[in-house]
Amino acid sequence: MSWGTELWDQFDNLEKHTQWGIDILEKYIKFVKERTEIELSYAKQLRNLSKKYQPKKNSKEEEEYKYTACKAFLSTLNEMSDYAGQHEVISENMTSQITVDLARYVQELKQERKSNFHEGRKAQQHIETCWKQLESSKRRFERDCKEADRAQQYFEKMDADINVTKADVEKARQQAQIRHQMAEDSKADYSSILQKFNREQHEYYHTHIPNIFQKIQEMEERRIVRMGQSMKTYAEVDRQVIPIIGKCLDEIVKAAESIDQNRDSQLVIEAYKSGFEPPGDIEFEDYTQPMKRTVSDNSLSNSRGEGKPELRLAGKAKGKLWPFIKKNKGSTPEDFSNLPPEQRRKKLQQKVDDLNREIQKEMDQRDAITKMKDVYLKNPQMGDPASLDHKLTEVTQNIEKLRFEAQKFEAWLAEVEGRLQARSEQVRRQSGMYDGQPPPAGHTCAQDRESPDGSYTEEQSQESQVKVLATDFDDEFDDEEPLPAIGTCKALYTFEGQNEGTISVAEGETLYVIEEDKGDGWTRIRRSEDEEGYVPTSYVEVCLDRNAKGAKTYI
C-alpha cells in the first residue's frame, strides 16, 4: 500500500489532505492548551475558596477552630489547597509534555511538508517542460512536412508546365529538396525529443513521484502516530495525580471521622462555664400576716443589711435572678469582677502571665544595659557609661511598676481561686444533705458584693456575680503549655515586626518553628521561651522535624 503507486495522479489532493492533517494537529494543541487554562483557573478558584474560609489570625473566628468539627473543616480547606495543587500539576505537565512538544513538532512537520511538495512541484515542472519541448518539436515536424509537400507539389506543377523555363523548374526542384531535408531534420529531432520525453516521463511516474509520495506518506503516518501518543500522554497526566488526589480525599474522610461531639460539648462547657451555682427555691411570701423572710444562700438576691425591712428587700430582689440580668455595657473593671468566677480566674491568670513576661523582658533589657555599661567602663573609648544611667533607671522603674501590678492581680487571682475551691468543697458537703435542708446562711456574703476598693453597691454586686458570659472563645487556651517546636528556620531577610502578634528577626538568625504556614503566608516562630510571634513565610527557610514529639499544627 503505497501512495506513490496508488495515488500517482493525486498530487493536489494529497497536498490538501496533508494540510488538513496539520490543521487537525493544531486544533488538538489548541484543545489541550484550553484544558490547561481551565485547570489553572480551577486550581486558582479552589485556592481562593480555601483561603476565603481560612480563619483570620488573632481573631474571634480563629478561636472557634478549637472544636473538632471546625478542625475537620480546616483540614478539609488545607486538603482542598493540596487538591488544587494537583490540578496545577496537570496543567504544567500537559503544557510541557503536549502543547510545547507538539507545537515544536508542528513547525518541523510544516517544514518537511513544504520541502516534499516543493520537490514534487519541481519534478512536475520538469516533466511539463519536457512535454512542451515535445509538443514544440512535433509541431515543427508537422509544419516542415506540410511545407515539403507543398514544395513537392509546386515542383511537379512547374515541371509539367511547358511554358515555364528550365531555370524556374530547377529552382522549384531545389526548393522542394530543401523542404524535404528540413522535414527529415525535424523528424529526427522530434524522434529524439520523444524518446527523451518518454524516458523522463517513465522516470517521473515510476521513480520521482513514488519516492516523493512515499516521503509524504511516511510524514503523514508519523503525524498520526504522534497525535495518538499525545492522547495517551493526555490520559497519563491525569492518571498520575489520581493517587495524590485520592490521598487528599482520604485525609478529608479521616478529618471527618475525627469529629468528636463529646469533646466539642466539653469545650462548650469550658468556654461558657460561669462557676455559679443554680439559684435555690424562692420561698412563699405571705403578705396577709407579718413575717420574716430568710434569704436562701442559693438565691442570687442578697440583702444589704439585717436592719432593712424584709418587704422592701423582696421588692428589690424580685426579677433579678441571674439568668435574666442584662449585660453591663459600661467599661470592664480592672479586676474583671464583671465576669463569672471561672472566666474571671482565666482572665486574671492571663493578665498575670502577660505581666510576668513583660517583667522578664524588662529584666533581660536591664541585664543587657548593665553588661553594656560594664563594657563602657572597661573600654571608655567605646562609649560613655553615664549615658546609660537614665535608661537603666527607667527600666528599673518599669520593673518595679510591673511587679506591683503583678502582685495586685496575683492577689485577686488567689482570692478568686480560694472562693472557687471553697465553693467546690461546699458543694461536696451539700451533696450528702437531703433536699429540703437550706444551705448555710453565710454562703452569699457581703464580701462577694464589694468592689476592690471596699465600696459596695447592690446592683453592681448582683450583676458581677451573675454576669452572663461576655466573651466567646478568648480564654480557651489561656492555661495551655507553650507549643512545642516542630522544626527550625533561618531568616533569609530582616523583618521588623511592628504589628501585634508579629516578631522581629534579623537576617541569618536561627529560630524555632512552632506552627506551620496555614496558607495565609505567615509562620509562627519562637526565639526564646517567652518571645514568639509570626513572620512572613517567604522571609524564612523552614526545616520541619516531622518526627518531633508534639509536632502538629495548632489552630
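In this predicted model, the side chains of E112 and R222 come together in a salt bridge, with 2.4 Å from N to O. Because E112 belongs to helix α4 (residues 68-160) and R222 to helix α5 (residues 166-257), the pair ties together parts that are 110 residues apart in sequence. E112 has a relative accessibility of 27% and therefore counts as partly exposed, and R222, at 38%, also counts as partly exposed.

Helix α4 also holds a pair of another kind, since E135 and R139 both lie within this helix, four residues apart, or about one turn of the helix. These two residues form a salt bridge in which the closest N and O atoms are 3.9 Å apart, and R139 counts as partly exposed because its relative accessibility is 49%.

Further along, E334 and K408 meet through their side chains in a salt bridge of 2.7 Å, N to O. This pair links distant parts of the chain, 74 residues apart, with E334 in the loop between α7 (310-317) and α8 (341-378) and K408 in helix α9 (residues 389-430). E334 is partly exposed at 43% relative accessibility, and K408 is partly exposed at 22%.

Salt bridges can also join into a network, as they do among E515, K518, R524, R526 and E532, and the whole structure contains 27 salt bridges.

How values were computed:
Residues numbered from 1 in each chain as written. Predicted model: local features only at pLDDT ≥ 70, side-chain atom pairs only at ≥ 80, totals over all residues. Heavy atoms only, no water. Salt bridge = Lys/Arg side-chain N within 4 Å of Asp/Glu carboxyl O. Helix = DSSP H or I, 4+ residues; strand = E, 2+ residues; numbered from the N terminus. Buried < 20%, exposed > 50% of the residue type's maximum accessible area, 1.4 Å probe, protein only.
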